[in-house]
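Subject: Handover of a structure

Dear colleague,

Please find below the structure that I am passing on to you. My notes on what was found in it follow directly after it.

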Amino acid sequence: MRVRTVASIAGYSLVALLTFDTCARIDDAVNDGARFWAPYNINTLFQPSEFGREGKPGARFGKWSMNSLGYRGPEPDPAGINILAFGASETFGLYEDVGNEYPRVLERLLNPTGAAKINVINMALPGVRIGRTGYLINGIKRTSAKVVIIYPSPSNYIGVTEPLCRKPTYRIPDTTSIVEYFRISGKMETLLKRHLPTQVLTLLREFSIWQYSHTREVIDRVPDSTISAFAGDLECAGRAAQASGAEVIFATHATYFGKKLMPSDSAMMTSWRRFYPELRDSGFIDLEERANASIVAVASKLGANFIDTREHIQGGSKNFADFVHFTNDGAASMATILSPLVLEALSR
Amino acid sequence: LLFNSFEFIAVFLPIVLIAYYLLSHRAQNAFLVLASVAFYASWDWRFIFPLLFTSGLDYWISKRLEYGANHGWPKKRNQKFLTISIVSNLTLLGFFKYFNFFTQSLHDLLWQVGFNTNIQTLNIVLPVAISFYTFQALSYTIDVYRGELHATNSFWEFFLAVLYFPHLVAGPIQRASLLLPQVTQPRVITAEKIKEGVHLIIWGFVKKVYMADNLSPIVEAAFSDPSPNGGTTTIGVLAFCFQIYCDFSGYTDIARGLAKIMGFEFSLNFNLPYISRNPSEFWRRWHISLSSWLRDYLYKPLGGNRGSSWTTNRNLLITMLLGGLWHGAAWNFVIWGFYHGVLLIGHRLATPVLSLGARSLGRIPGLWPVICWLTMFILTCYGWLLFRASSIDQIVNMTASLVHPFEELDWKSLHRVLSLVSPLILVQAIQWKSNTLYFLDPRRVPTAARIISYSIMIYAILFLGGQAQSFVYFQF
């Protein structure tokens, strides 16, 4: 009797799960035009390539869509002048409304009515390290870009001690897990993130950090080798772009926290640290300081332009939707400070 | 604490249910009083005082009335006590809800006839649910006065009957005669009751979160259009017709479901109102707890239909006017009540003609009922225009636009409205055909089919809901 009950509960749970998943697939198909059987999550925007990973031409997920070149945003005007924005998720755009990520806003600022079209092509990839020069060079060649904006994400170098650009590239395999094949899992995660109170989310994140720190070493600050690797990759990328004939503009990295960590920022810091539990809170601000100093140094060494984004974009929730990603306002500020520099670079 | 808030679903309700199931009957009652006070105080703790006053006064007066009845007091003395209760309750309601409305209306009237008065309105905060609990408390005193109910000896039991959180804020208006015995006697909770309660809660949330909240922006857009055309008005009114039904009946279903899983039984408040074929049928199906309250405590005491045709019509009109005013202190509610009063009277007067029509068209099966249903549905929809409008000017503008009801009709919006309400229509067709509102009754529907249906409904609640809105009837 008991076995039968357990079997019934398991069977009915499976029926419920399959119904939920079917609903999710129909929902995606009706609202987003997603294919019914294929996986559908943010990873479906990308594919493995000879440069590691790149955007999949024409792919769509939610508010994100890739153009025929595999870059985020609309098709560039073939007759226009091309500018590339290269970086990680901050540039790719996560929280901004569609068309409000900074490359799009910058394009609008650079195109007063009647002037020759300037395309700002968003070739950012979430999580990318700036040393993926093969991907960058390929992008410059494909677009004959005149200017390259490099907005690196220092935290992607936590745990890295050697520059990436000196290593051979390898195809980053598709890591879609079995759970991701269930559409409902991603939707549930998003739902919980949206509705759970910050305190509960912070507690869950603290628990995951505690689990990590319980078994592995946690460092106060990243070693100098990490900063060297970051600077090395930055220099590689800058030189590669210059060698391809493009003007380079480096941008220092801005965060929600500004220069100093305040006690009220602890929940936000925990949400960042969850991705890098090996580094203590204070280590993030230290990493940002040192990485930004190296951006300025590399720009000076290469004779490239740079903007001190961190100085111009105030921390806090007006400009940042989370620890590093822009809000519409933040992206607009970024575009506003970039635009005179881009125009200057184009005039050279 | 809204039923559709995270705090209610994830914190308040689990704590209440776990504690409730663990406690004995007396402790359950005490705990429910505390939980209901906390629930009500979550809006504003000061709201507790008018509620305490109303409950305390009606409890005391009912005790006096029963004492008087048992000790042979003259009828006039009992009438005095009843009058104190009615006047006090209505004064409290009038002050909080209608003082500014009547003051402003008086000022406007005097200004129209040339007097420029300096009448001041007050900055009064309207206590949530005052219209509901005033009527509930009043029905208790009147029932005791009529000898239809014995006064309770426990203030806390009476207080719980008034305050019980599932029905407190937006009904259904529970008569003390129904609820008090359930408070005083131990409640029986069965698996069947829990299943039906959960069913009502889930279906109520589907109506509220998926349908009403998604219809809300369409309604908002139509009713905020300064120069609406016929198409805009048609879509806005149609969307509001379903929004208000899904919002209010959704709330009622959740309230009834919550009560059921705690062993209580609430009265039915909606019974497929939009299948009505005439105004009196509509009022037997729409907001049943209010319409039956008005019938028993206003229409019948006025004389009901016992007098001449003229007095019956007068009583109907007064009842509907006051019913309209009960909804809110604004002229559009008065007009809405008047409109329904006129419909009821019109239907009474037209009955001979309608019988003739039924006889002559009755030869074609189904034609006459469809004509009646369609006419009543259109008339109901127009009533919702009066109800939702924010000013007399808007009523005039939108009514004028209905001369061309399909002018510049936005087919995309119409398609959205119809696709949102199609599950409702499907379910109500099943309810109507099967003659039961419990459309996933385990005795008739296989378990697998119920699990699939509930999974679809839960998906709609979690992932397809609109921007969370407060319940429309909370303002009343």
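Strand E6 of chain A is covered on both of its faces: A:Ile118, A:Val120 and A:Asn122 are buried on one side, and A:Asn119 and A:Ile121 are buried on the other. Here "buried" means under 20% relative accessible area, "exposed" means over 50%, and "partly exposed" lies in between, with a 1.4 Å probe and protein chains only. Because five of the five residues of E6(A) are buried, the strand is largely enclosed by the rest of the structure. In a regular strand the side chains alternate between the two faces of the sheet.

Please note that this is a predicted model, in which local features need pLDDT of at least 70 and side-chain atom pairs count only at pLDDT 80 or more, whereas totals for chains, interfaces and linings use all residues; side-chain values use heavy atoms, without hydrogens and water. Residues are numbered from 1 along each chain as its sequence is written, and chains are lettered from A and ligands numbered from 1 in the order in which they are written. Helices (H or I, at least four residues) and strands (E, at least two) are DSSP runs, numbered from the N terminus.

The sheet in chain A

E6(A) belongs to an open sheet of five strands with parallel pairing, in the order E6-E5-E7-E8-E9. Two strands pair if DSSP finds at least two bridges between them. The edge strands, E6 (118-122) and E9 (305-307) of chain A, each pair on one side only. From one strand to the next, the twist averages 20°. E6(A) and strand E5 (residues 81-87) of chain A run parallel and are joined by five bridges. Across this pairing, A:Asn82 stands opposite A:Asn119, and A:Ala85 stands opposite A:Asn122.

Helix H8 (residues 224-243) of chain A lies across strands E7 (147-151) and E8 (247-251), at about 155° to E8(A). Helix H10 (residues 281-302) of chain A lies across E8 and E9 and runs at about 160° to E8(A). Axes are lines fitted to C-alpha atoms, for helices over the stretch in contact, and angles run from 0 to 180 degrees between N-to-C directions. Contact means heavy atoms within 4.5 Å.

Helices in chain B

How far apart are the axes of H9(B) and H18(B)? Helix H9 (residues 191-223) and helix H18 (residues 447-463) of chain B pack with axes 9 Å apart, at an angle of about 40°. That angle makes H9(B) oblique to H18(B) (under 35 degrees counts as roughly parallel, over 145 as roughly antiparallel, 65 to 115 as roughly perpendicular and the rest as oblique). Residues of H9(B) that meet H18(B) include B:Trp203 and B:Phe205, while B:Tyr454 and B:Met457 are among those on the H18(B) side.

Helix H10 (residues 230-261) and helix H17 (residues 411-434) of chain B pack at about 35°, with axes 10 Å apart.

Helix H6 (residues 155-163) of chain B is mostly covered, with eight of its nine residues buried. B:Val162 is found in this helix and is buried, with a relative accessible area of 3%. Beyond its neighbours within four places in sequence, B:Val162 is in contact with B:Leu51, B:Ser55, B:Tyr133, B:Gln136, B:His167 and B:Leu168.

Yours sincerely
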